[in-house]
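Trainee: Could you walk me through this one slowly?
Mentor: Gladly, and we can begin with a few words about terms.
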Amino acid sequence: MMSTNALVSILPASVFDLSSLRKLEKLCFPVDAWPLLDMIGALTFPNIVRYKAVTIQGEMVGFIAGEIKLGREMGWIATVCVHPDFRRNGIARALMLKAEHEMGQPRVRLTVRESNEGAIRMYEESGYVRVDRWRAYYNGGEDGVVMEKVLNL
Ligand SMILES: CC(C)(COP(=O)(O)OP(=O)(O)OC[C@H]1O[C@@H](n2cnc3c(N)ncnc32)[C@H](O)[C@@H]1OP(=O)(O)O)[C@@H](O)C(=O)NCCC(=O)NCCS
């Protein structure tokens, strides 16, 4: 396995990444792909941190967006995805660490489909634990698992 640092750079994302993000999201989320407006929001709203993983050739192969819930002292991972050809190289974990750090909140939460064992494993490896379950949260009626990480700031 190559180290993440050798494989990709983690860089701030912006609205100029919209078309790359649309392609990546389609590959990563055949069922739950974001509406275009949500993607534009993730790339532009002021209370959101967003980072991309970029190869040396300039291809965007990973993305994360984290929302700072002002007044609740909480960060919320809105999406994280890695191109299928680049998985299991620690890219998601590196994106998580970057977003957690930049949000600067003492707690970070997220939801994930309960059947998404790979993502749940990655979150557990990143220090998240299950704290709640939202009934029929996803399209098709699947439950959402709510996970949380407490950071030592
Ligand atoms: C989930 C996802 C972001 C993981 O990205 P990734 O870059 O492959 O994850 P990492 O390489 O950082 O994984 C870190 C650790 O998490 C665990 N992990 C990650 N993916 C896993 C999988 N599919 N099965 C089991 N464990 C997994 C492993 O312990 C891994 O360490 P290892 O490779 O040394 O064993 C990626 O599979 C993806 O984009 N999936 C589709 C979109 C998605 O489901 N996003 C989350 C929705 S809430």
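Mentor: Before we sort residues by class, note that Ala, Val, Leu, Ile, Met, Phe, Trp, Tyr, Cys and Pro count as nonpolar, Asp, Glu, Lys and Arg as charged, and the others, Gly among them, as polar. This is a predicted model, in which local features need pLDDT of at least 70, side-chain atom pairs count only at pLDDT 80 or more, and totals for chains, interfaces and linings use all residues. Residues are numbered from 1 along each chain as its sequence is written, and side-chain values use heavy atoms, with hydrogens and water left out.
Trainee: How does the lining of the largest pocket divide by class?
Mentor: The lining has 29 nonpolar, nine polar and nine charged residues. A pocket here is found on a 1 Å grid over the protein atoms alone, as an open set of points where a 1.4 Å probe fits, with protein on both sides within 12 Å along at least five of seven lines, and lining residues have an atom within 4 Å of a point.
Trainee: Which element gives the largest share of that lining?
Mentor: That is β4, with seven residues; helices (H or I, at least four residues) and strands (E, at least two) are DSSP runs, numbered from the N terminus.
Trainee: What takes up the space of the largest pocket?
Mentor: The ligand does, where a molecule sits in a pocket if more than half of its atoms lie within 2 Å of the grid points.
Trainee: Okay, and how many residues surround the ligand?
Mentor: There are 21, and Val-80, Val-82, Arg-88, Gly-90 and Asn-116 are the closest; a residue counts as near if one of its heavy atoms lies within 4 Å. This shell comprises eleven nonpolar, five polar and five charged residues, and α5 gives the most to it, six residues.
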